[in-house]
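User: Got a model I'd like to walk through. Can you take a look with me?
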Amino acid sequence: MRSSGPNILAVNYRVQLVGGLHARPAVRLTQVASQFASLLTISAPGKATADAKSIIEVMRLKIEENGTVEIRAEGSDCVEAVYALIRCFETVDEG
Amino acid sequence: MRDNPTAPFDGLPLAGGQVLAPAWVERGNEPVQTSNAGSQEARLHAAIQAAASILDQARRDSGPDAEPIVFFQLSILKAPELFIRASDVIFLGGTAEQGWSQALDAEIAHFAESRSSSIASKVDDYAAIKAIVVDCLIDPESYPRAAPQQASIFIGETLRLDMYLRHRHWMAGIATCRASWFGHVAMLARAAGIPFVSDLPKSILDIEHGSCISLDGDAGRLSVSPQWSGGRRVQRIPAQAIDFIGKGWSCSACINDMDLGPRLPDSITSVGLVRTELLFSEAGAIHDQSAHQQRYRRILTWAEGRTVAIRLLDITEDKPLAGLPQVRENMPEGMAYLLQFRRLLEVQLRALLLSTHAGPLQILLPNVRDPAEVADCRTLVSDLASTLGVPVPPVGMMIETLETARRPDAFAADFHLVGTNDLMTRSIGLSRNDSAMRVRRSDAIHATLLLLDRFAMPALRRSGLRPIAACGELAEDAAIRPELARLGFEEFCLPVEHLRGVGQPRPI
């Protein structure tokens with residue numbers, strides 16, 4: 001975990017969702033992200049960075065099981081936002 | 001044209017079970033019509049709104065399995081990125097259809113190249129979203145497309161989620177050329193127990209509408225039934241061949257609370273079990289005859305003339321009821337409990353007898369262990385009916401104790417219902433609350449099947465009382481139902497929401 005300033009937090013996270021980021025966790029992730037004021041992005045190695053509040057962009061990342069992503073937040077609630085997104089990745093769900 | 005028109009088609013099994021039903025073949029979508037009239041952007045906006053309404057309705061109508069999946073599709077449908085990309089195409093002179101198709105095709109191409117089959121399966125979601133909006137652009141009023149009037153096997157190149165949700169009520173089976181194990185339709189078909197075979201050759205689209213098809217979701221095989229081989233068109237299939245999920249048995253409804261919901265599907269001809277101990281949340285109501293009557297009349301009215309088997313209060317150690325002494329170890333439970341607290345039993349029986357005018361009802365005795373319990377209760381029912389001046393309804397019993405399972409013919413009941421929940425735990429000497437049940441479930445299933453096969457089923461067949469019916473966990477398990485059917489069960493009593501969730505095909 002690294003902090004680039006008082007309002008920026010970036011975390012590297014290994015996704016352990018079985019089969020990768022499916023529809024339901026992806027929707028949940030974008031819904032949770034939308035609750036925060038921070039600018040939230042998710043990026044995967046070799047792929048474009050996605051706005052975590054956009055279902056289209058998050059799905060395009062095609063995040064696979066055991067893939068590593070960087071979750072980055074910029075804003076006053078960056079810490080809460082990052083931890084909320086990590087919880088989304090940790091919730092096991094089919095589909 | 002295939003050399004041998006009766007040879008089976010082999011494909012990939014996606015959802016198990018066998019079904020025999022007429023074919024309903026979809027031979028591709030209607031051609032996309034383009035139009036330059038009016039604002040293309042406004043047309044697209046209206047079509048997206050219409051598609052969202054359709055999906056939203058499907059979300060409300062669908063069971064808990066489908067709800068989050070439809071929600072995902074709605075999220076994609078409303079994503080501003082897609083509309084903006086389609087608008088760019090329209091700005092350059094394209095139609096709404098072209099704009100939307102190009103926007104979605106870009107996403108589809110993105111997923112199609114994925115090496116992960118679970119991620120590649122998202123192609124189906126995006127293709128469905130593309131198609132439903134294009135459908136709405138062509139003619140929103142024509143949606144959904146024509147459907148067969150009888151339970152049928154859907155045959156098509158692919159099956160979109162929205163089409164499945166709108167049409168699942170008649171789908172006894174699904175056969176497609178393209179689908180994924182991870183696809184949402186396959187997932188829902190598995191949950192609903194609808195056989196599904198994919199990766200079949202495109203020649204299945206040449207099968208005639210109405211041909212009798214047998215689909216084996218376990219082996220991944222589709223055949224034109226030998227009974228009707230030679231290209232003969234099938235007009236009708238016997239009703240008993242197509243029932244719950246097309247497997248030769250029927251279903252009745254089970255009521256577990258007073259939230260009855262919409263009317264029952266037409267194909268459900270009876271209510272096989274009302275668990276009355278679950279209808280009372282207030283402590284005092286259980287002793288109030290009018291509170292009982294009000295509940296039973298409401299259920300009978302809702303059942304619209306179907307026979308309703310109402311089970312007497314089943315008070316056991318794991319089902320304590322507010323306002324009643326709790327069952328402790330070595331205390332009587334079930335029927336013996338009611339006979340001990342006779343005033344409560346009389347309150348319930350009077351309420352039941354006074355509700356008979358609201359519809360045909362049967363009285364079902366819970367957790368019987370001794371033939372004398374049935375005899376005592378029958379005498380009480382007759383005496384009360386005589387006093388109240390009403391006819392004596394049939395009195396049946398649950399088979400859920402070892403005593404009744406071993407020799408059901410020793411009990412003078414008018415009908416039976418095998419309760420698999422209690423039977424499972426008792427077959428291995430545990431109680432429902434015992435944590436060991438979780439790890440010994442397999443033992444319990446096999447012990448129950450052995451018990452039924454060796455003792456209960458031969459006696460029930462000899463009794464001549466029909467149907468031989470089961471409720472509870474084993475009956476609700478789509479993987480075990482075929483085994484129960486092989487033992488001779490003819491009817492399964494399933495929760496109302498389960499019956500709606502699986503989309504009961506209509507008998508012909």
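User: What do the buried residues of α1(A) pack against?
Analyst: This is a predicted model: local features need pLDDT of at least 70, side-chain atom pairs count only at pLDDT 80 or more, and totals for chains, interfaces and linings use all residues. Residues are numbered from 1 along each chain as its sequence is written, and chains are lettered from A and ligands numbered from 1 in the order written. In chain A, the buried residues of α1(A) pack against β3 (39-43), α2 (55-60) and α3 (78-90). In chain B, they pack against α2 (67-77) and α6 (122-138). Helices (H or I, at least four residues) and strands (E, at least two) are DSSP runs, numbered from the N terminus. Contact means C-beta atoms, placed from the backbone, within 7 Å.

User: Which residues of that helix are buried?
Analyst: In α1 (residues 23-33) of chain A: A:A23, A:P25, A:A26, A:V27, A:L29, A:T30 and A:A33. Buried means 20 or more other C-beta atoms within 10 Å of the residue's own; exposed is 12 or fewer, partly exposed in between, with C-beta atoms placed from the backbone.

User: Switching to chain B. What is the strand order in the open sheet?
Analyst: β1-β8-β7-β3-β4-β5-β6-β2, 8 strands with mixed pairing. Strands pair if DSSP finds at least two bridges between them. The edges are β1 (9-10) and β2 (12-15).

User: How does β2(B) pair with β6(B)?
Analyst: Antiparallel, over 3 bridges. B:A15 stands opposite B:F196.

User: And B:G419, buried or exposed?
Analyst: Buried, because B:G419 has 28 C-beta neighbours inside 10 Å. B:G419 sits in β14 (residues 416-419) of chain B. Its C-alpha is 5.7 Å from that of B:G472, 53 residues apart along the chain.

Technical notes. Two residues are in contact if their C-beta atoms, placed from the backbone, lie within 7 Å.
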